[in-house]
Amino acid sequence: LACCFVVIFLSSGIAAAAADMVGYINLNRLVSESKMGEQAKADIKKMREKKEAAVAEKLKKITSLRDTINNMGDKMAPEEKRNKVEDLKQLYKEYQRMVADAKEDITREDRQLVATILQKADAVLKMVAKKNKFAIILKDPNAIGYLDPDVDITDLVLKELNKK
C-alpha cells in the first residue's frame, strides 16, 4: 500500500511539473524575423518608396511655382500674381494632405500586416505549446518582472512559422 502511494505521489509530481512549464515569445522578433515579416517589411518599403516619390513630385511642383513667383512676381500683372499665389497655397494644402495620408496609409498597412502575422503565429504557438507541453505561454514578457531566457520559445515558434 505504501509502495502504491509513493508511485502515485511521484507520478502526480511529474504530471504537475509538466503542466507547470512556462514559456514566452517575443512578438517583435516573430514579426521582424519570420519569412512573413520580412515579406511584409519589403511590401511596406515599396509602398513607402512609392508614396515618397509622389510626395517628392508634389514638392517639386511647389518649389517650381514658388521660384516662379519669387523670380517673376514683380513682372506679373497683380491678378496673375494673385492667381499663382493661390495656386501655390492650394498645392501646399494638397502636399500636406498627401504627406498625412501617406503616413496614415503606411501605419495602417503596417498594423494590418502585423495582425495577420500574429494571427498565423497564434496557431503555430498553440501547436508548439501542445507539442512541448507548455501550460502557459506569455506574449508580453515585459509585464513580468523577470523571466529566465531559457523559457524563451521564440526560436521554436519562428522555426515552425517559417515552414508555412
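I began with Lys-133, which I found in the loop between helix 4 and strand 2 (136–138), where helices (H or I, at least four residues) and strands (E, at least two) are DSSP runs numbered from the N terminus. Its phi is near 60°, a positive value in a residue other than glycine. I noted beside this that most residues other than glycine have a negative phi. I then looked up the accessibility of Lys-133, which is exposed with a relative accessible area of 54%; buried means under 20% relative accessible area, exposed over 50%, and partly exposed in between, with a 1.4 Å probe and protein chains only.

Before going on I wrote down that this is a predicted model, in which local features need pLDDT of at least 70 and side-chain atom pairs count only at pLDDT 80 or more, while totals for chains, interfaces and linings use all residues. Residues are numbered from 1 along each chain as its sequence is written, and side-chain values use heavy atoms, with hydrogens and water left out.

Next I looked at the chain as a whole. The protein chain has five helices and two strands, and from the N terminus on I read the order of its elements as α-β-α-α-α-β-α. Of the 164 residues in the protein chain, 22% are buried. I also looked up the contacts (heavy atoms within 4.5 Å): among those between residues at least 6 apart in sequence, 80% join residues at least 24 apart. The accessible surface comes to about 11,800 Å², and 57% of this belongs to carbon and sulfur atoms; such areas come from the Shrake-Rupley method with a 1.4 Å probe, and for residues only the protein chains shown count as cover.

I turned to helix 5 and asked which of its residues are buried. They are Thr-154, Val-157, Leu-158, Glu-160 and Leu-161, and what covers them includes strand 1 (22–24), helix 2 (27–33), helix 3 (35–72) and helix 4 (78–131). I followed up Glu-160, which lies in helix 5 (residues 154–163) and has a relative accessible area of 15%. Leaving aside residues up to four places away in sequence, Glu-160 touches Val-124, Met-127, Val-128 and Lys-131.

My last search was for salt bridges, each being a side-chain nitrogen of Lys or Arg within 4 Å of a carboxyl oxygen of Asp or Glu. By this rule the count comes to twelve. Lys-51 forms one with Asp-105, their closest N and O atoms being 3.0 Å apart. This pair links distant parts of the chain, since Lys-51 is in helix 3 and Asp-105 in helix 4, 54 residues apart. Lys-51 is partly exposed, at 24% relative accessible area.

Asp-105 also forms a salt bridge with Arg-108, with the closest N and O atoms 2.7 Å apart. Arg-108 and Asp-105 are separated by about one helical turn, because they are three residues apart in helix 4. I noted the general rule that an α-helix has 3.6 residues a turn, so residues three or four places apart point the same way. Arg-108 is partly exposed, at 36% relative accessibility.

In helix 4 I also looked up Lys-89 and Glu-86, which are three residues apart and whose side chains meet in a salt bridge at 3.8 Å, N to O. Lys-89 is partly exposed at 47%, and Glu-86 is partly exposed at 45%. Finally, I found a network of salt bridges that links Arg-29, Glu-33, Asp-152 and Asp-155.
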